[in-house]
Amino acid sequence: MDSYTEKLIAFLRSRALPEEKIAMEQYMRNQFVFLGLRSPLRRAVYREFVAEQGKPRDSLAVAKVLYEQPEREFRYIAIDILVKDVKKQSRESIDFYEQLVVTDSWWDTVDLLAGTLVGGHFQVYPELIEAYNTKWIDGENIWLARTAILFQLKYKDKTDAALLFANCEKWLESEEFFIQKAIGWALRQYAKFEPDAVLSFVESHDLATLSRKEALKHF
């Protein structure tokens, strides 16, 4: 571990809040360990650290070590660091991002990775989309499938509608809550720009009740 990352870890742990830790762990069904730093405070503490120590020189290396720490906040900061440098990374970084998706997977990390990091990386390297999207959407890992469904969340009117609808179709029969939720969320987001297309898709397909409800929430 390099000295920068070691200092960052120690700095964050020194700001831990035991009274918040319990509530955050309970909210996540006691699956993960927390420091007790909610998002606004966590970001403020990191900004304070950067003001003292500067930004990381190798965000991938720092993120890798942060992801190895047991407390969940280190994962969030690792993702924040990677997102800030998403345009600077090599195309091969997608394999590292994929590994993060399947590491202690839950919605809190996967959604950040899908909608910001993976989505941003594919905007820089669109030639990677076909191979990785196919691999994820045709696989059995629900978190990679969720990533495929959600990575275009911030694409707005640049969304590949055909790909979005095809990804949703692949998992329409899934009874998995996180897949049904992802389908509805992705459709709802795209409906802000192409409501008629989304409505037509919903009406012509047998969506799970949750997916349909989420997709049509703003209609």
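Predicted model: local features only at pLDDT ≥ 70, side-chain atom pairs only at ≥ 80, totals over all residues.
A search of the whole structure returns 15 aromatic pairs. In the pair formed by Y132 and W136, the ring centres are 5.8 Å apart and the planes stand at 65 degrees, so the arrangement is edge-to-face, the angle being over 60 degrees. Y132 and W136 also belong to one aromatic cluster, together with F122, F151 and Y155.

A stacked pair is formed by F165 and F201, with a centre-to-centre distance of 4.7 Å and 10 degrees between the planes. This pair links distant parts of the chain: F165 lies in helix α10 (residues 161-170) and F201 in helix α12 (residues 195-204), 36 residues apart. F165 and F201 are both buried. An aromatic ring also takes part in an arrangement with a charged group: the charged end of R72 sits over the ring of F32, at 3.6 Å from the ring centre.

Helix α8 packs against helix α9 (residues 142-150), the two axes coming within 7 Å and crossing at roughly 135 degrees. The two helices are therefore oblique to each other, and their crossing is left-handed. On the α8 side the contact is made by N133, W136 and I137, and on the α9 side by L144, A145, T147, A148 and I149.

Key. Residues numbered from 1 in each chain as written. Heavy atoms only, no water. Phe/Tyr/Trp six-rings, centres within 6.5 Å; stacked < 30°, edge-to-face > 60°. Helix = DSSP H or I, 4+ residues; strand = E, 2+ residues; numbered from the N terminus. Buried < 20%, exposed > 50% of the residue type's maximum accessible area, 1.4 Å probe, protein only. Lys NZ or Arg CZ within 6 Å of the ring centre and 35° of its normal. Axes fitted to C-alpha atoms, helices over the stretch in contact; angles between N-to-C directions. Parallel < 35°, antiparallel > 145°, perpendicular 65-115°, else oblique. Left-handed = near helix turned anticlockwise from the far one by under 90°. Contact = heavy atoms within 4.5 Å.
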